[in-house]
Amino acid sequence: MEMPAPNPDILSKKAELVTRLLDILPADAVISDPAETRAYECDALTAYKCPPLAAVLPSTTQEVSDVLRICHEMGVPVVPRGSGTSLAGGALPTEDSVILGVARLNDVIETDYDNRFIRVQTGRTNLSVTGAVEEDGYFYAPDPSSQLACAIAGNIAMNSGGAHCLKYGVTTNNLLGVTMVLMDGTVIELGGAHLDAEGYDLLGLICGSEGQLGVVTEATLRILHKPEGARPVLIGFDSNEVAGACVSDIIKAGVLPVAIEFMDRPCIRATEDFAKAGYPDCEALLIVEVEGSEAEIDEQLETIMSIARTHDPVELRQSGSAEESAKIWLGRKSAFGAMGNINDYMCLDGTIPVSQLPYVLKRIGEMSKEFGLDVANVFHAGDGNMHPLILFDANKPGDLETCEAFGAKILKLCVEVGGCLTGEHGVGIEKRDLMAHQYGEKDLAMQMAVKDVFDPKWLLNPAKVFPLAASDAHRIAAE
Amino acid sequence: MKDLRPETEAELAAIVRDTSEPLRIRGGGTRPIGVPVNGAPLTTAGLSGIDLYEPGALTLVAKAGTPVAEVETALAAEGQRLAFEPMDPRGLLGTEGEPTIGGVFAANVSGPRRIQCGAARDFLLGVRFVDGRGEVIRNGGRVMKNVTGYDLVKLMAGSYGTLGILTEVALKVLPKTQVTGSLACDGLGDETAIAALCRALGSPFEVTGAAHSQAGPEGAARTVIRIEGTEASVAYRAAELQKVLAAYGEFTIDTDPDSTKATWRAIRDVQPFHGTDGDIWRLSVKPTDAPGLVARIDGAEALYDWGGGLIWLCVPKGTAGQDIRTAIAKTGGHATLIRGTRGGGVFQPLAPPVAALQEGLRKRFDPKGLLNPGLMAQAREAAE
Ligand SMILES: Cc1cc2nc3c(=O)[nH]c(=O)nc-3n(C[C@H](O)[C@H](O)[C@H](O)COP(=O)(O)OP(=O)(O)OC[C@H]3O[C@@H](n4cnc5c(N)ncnc54)[C@H](O)[C@@H]3O)c2cc1C
Ligand SMILES: Cc1cc2nc3c(=O)[nH]c(=O)nc-3n(C[C@H](O)[C@H](O)[C@H](O)COP(=O)(O)OP(=O)(O)OC[C@H]3O[C@@H](n4cnc5c(N)ncnc54)[C@H](O)[C@@H]3O)c2cc1C
């Protein structure tokens, strides 16, 4: 993965930069010792590492604004950081950049049950947002698997999703407003406790913009009352094709489950060895969860099971209790851990039209043989968001490169069948150079024009999202 | 003047590339909202037709000039619908013409169900559009989860044709529900009504509509709450909601398909204000702020939707927009003039740095200022 060469001019101004940052921040909020900046050298895409010039940990929006103003004046690139769980290298620093971490901005500012929103500082973790309202019966719906660690800041920047987004939507559908600081230090407010934008939908635009348009410091989030209950059914099939058809039939029948999860045989076997959830040894397995009162759940599950029966399932297991539900979810929830237990893995998240599931799974199987690397599939089937996990050995020379080539081929396939490169993890550096497969030159130029407007000097997280060759002209013109 | 009527996207792009005269973009022309635009009328009517519909994937792709009615008919045949419930503006605005799917998204139009399932923009998965330089641009796709690059799809939704002319939209659709239940209570004051709606929306019973009309169908104020689902589920939730709401008033349940449909259509299309001659405003606010805000505006009649978060306001003809803007500045939110005296501008004025971003985007998407110029202009410019 190529990153632009660090600007020697900026490297030489480190002392001046640190002095200026210390003028506006407490001493413990400025990290410049190379032994300590290493803590920020990567996110969850650990194959790529580079310590930043410095890292800062502001505690207020004003401090964020001051930091950005100084970096803007000195022409220093800034990489915003939440919790560093990005799988796409979104928070990877460059040698000449400052990491701006929002971890200390973690307060709840306001909870309002009548109007169903919570306002938080964005360094707060996803799970602790729900934690703040749970006792009163409410929750924040988007639930990425990383929710214990990842911050609302990163969720907004990546427009993260979760297992329940089939029913509740992803971050952008649950975000009502933000306070954001532009690269020159200007603080702006978008949205609020009311619905829809007064003017262009800039809130929709900044959600998913991967820290390239501004630093988000506060967010107003929609909260919902918890459902009365939820229960899954587990359905096993002896072909991916039939499982795919069953998903499509469930959706067509008009039941809207909260989640439809899909696991293929390699994934079922690996998780079974690891977690012993008692899954059947079959080709494809679905976990379908519905919500409501006990009677409502029974009614919906009955509809789903009668659809499943028309596809001759090899297993049909309805949960009747909290323990049985936990057992059904156990394997699914351990899938990543199980794969990690076998080997290093790379997790992709391309999305495809649901109708293409069987074909894409078949092609991935063929490619697995071609590249000589095993792959397991576990994914959100209701919305076609795949998660192929490619196994490789980081200590074996060349294996990472083979894995990346395999991954790129899968993602190109997703695009070919009418899907996209990434459904929830973002582009970052990982998929940056594949963008030209999804979008034409003019499509990308239009997106980069948006960055020109928000960040004319291209200082915010500059070497991400767009292929370097495409963004070169913008970055160089801005210098 | 005869409308420009491109039959293909390429033809449209050529028209924009070659013109130096501003264009006034029309879908069905049913929604003449915004500052009137001087320019050559250009209709999207030639860009029509459904290109792809996969009921099992809940997705549909159509050309922007496709009539909404055609989309709705295709969906109904598979038991599906546009869940965000776009209104038919013709009764309120006294317009004719055939609303188009492109116009719905260009105006980000959503009805009562927005409160539960999201706005039009939340259902827009992908777009193709011609920008002000005559370039064809693509963004998003036709899958439900997509974070590949910037979300220009959301930006296009609600930009009223000032950033580009939509040529194709890909959308998410949802299954129709089997039974609709409508709970109603007459005679509540605004404060109590909004409190009851907030309580219902804060329950686990999945309310899909929450409205209060100061003048209901029989004249008295009426508060209504909608639930949808299977017969058993609707019956159960209606009974639970009646208990939850007993403190506010006695809510009766109606599950008759025709009358519940009429109830919610009347709210969606703002029927209480059809045929009135006052000015019509549309306000988006924090729900609990709504009754106080309405009380501060002289002579205002209100229809509250979205649990109070959306206020349709009918004020005496010629009421200075400034009064409404001043009132809303205190609470937060925004106000749009839908019909009537245009003195104080149509859209809510933006904070200067946000207005600068908006202007910057417009210069990039439409450098020559050809697309609906002035339509979303800030009050100051509009007055010039
Ligand atoms: C085990 C595991 C499971 C995961 N499961 C899911 C999942 O189910 N669904 C899903 O969607 N993702 C998932 N992810 C990916 C990741 O957790 C999400 O992308 C998450 O939103 C990142 O949040 P973060 O706070 O860690 O952000 P970081 O990694 O710190 O940053 C991510 C991006 O956000 C930008 N950013 C950070 N803070 C700000 C700010 N204040 N203002 C502007 N930009 C900012 C950064 O520059 C970077 O581009 C998973 C990751 C792991 C490791
Ligand atoms: C004043 C008013 C308020 C409304 N408010 C609501 C509401 O709150 N909730 C609701 O559900 N419905 C609302 N509607 C209804 C909704 O506007 C219509 O269903 C829809 O906009 C009509 O489509 P049309 O093709 O007639 O649009 P038109 O009236 O032709 O166009 C609407 C706007 O979009 C632009 N436009 C049209 N087509 C394109 C295109 N292809 N590309 C780019 N720009 C385009 C036009 O220039 C114009 O600015 C409202 C309608 C009106 C008139």
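A salt bridge is counted here where a side-chain nitrogen of Lys or Arg lies within 4 Å of a carboxyl oxygen of Asp or Glu. By that rule, eight salt bridges cross the interface of chain B and chain A. One of them joins the side chains of Asp443(A) and Arg138(B), at 3.7 Å from N to O.

The model is predicted, with pLDDT of at least 70 needed for local features and 80 or more for side-chain atom pairs, while totals for chains, interfaces and linings use all residues. Residues are numbered from 1 along each chain as its sequence is written, chains are lettered from A and ligands numbered from 1 in the order in which they are written, and side-chain values use heavy atoms, with hydrogens and water left out.

At the interface between the chains, 75 residues of chain B are in contact (heavy atoms within 4.5 Å) with 89 residues of chain A. The buried area, meaning the accessible area (1.4 Å probe) that two parts lose on being put together, summed over both, is about 6,500 Å² for chain B and chain A, and carbon and sulfur atoms account for 58% of it. On the chain B side, the most area is lost to chain A by Lys145(B), Val147(B) and Tyr150(B), which together make up 15% of what that side buries.

Polar contacts are pairs of N or O atoms within 3.5 Å; within protein, one atom must be able to donate a hydrogen and the other to accept it, and residues adjacent in sequence count only if both atoms are side-chain atoms. Between chain B and chain A, 29 residue pairs are in polar contact, both residues being at pLDDT 80 or more. Elements of chain B that give two or more residues to the side touching chain A include strand 7 (136-140), helix 8 (190-201) and helix 9 (231-245); helices (H or I, at least four residues) and strands (E, at least two) are DSSP runs, numbered from the N terminus. Helix 13 of chain B gives the most to this side, with nine residues.

Within chain B, an automatic or database assignment gives domain 1 (9-175), domain 2 (179-268) and domain 3 (271-339). The centres of domain 1 and domain 3 of chain B, taken over C-alpha atoms, are 27 Å apart, and each of these two domains brings ten residues to their contact. About 910 Å² is buried between domain 1 and domain 3 of chain B, 69% of it from carbon and sulfur atoms. Zero salt bridges are found across this interface, and three residue pairs are in polar contact there. Helix 3 of chain B supplies the largest share of the domain 1 side, three residues.
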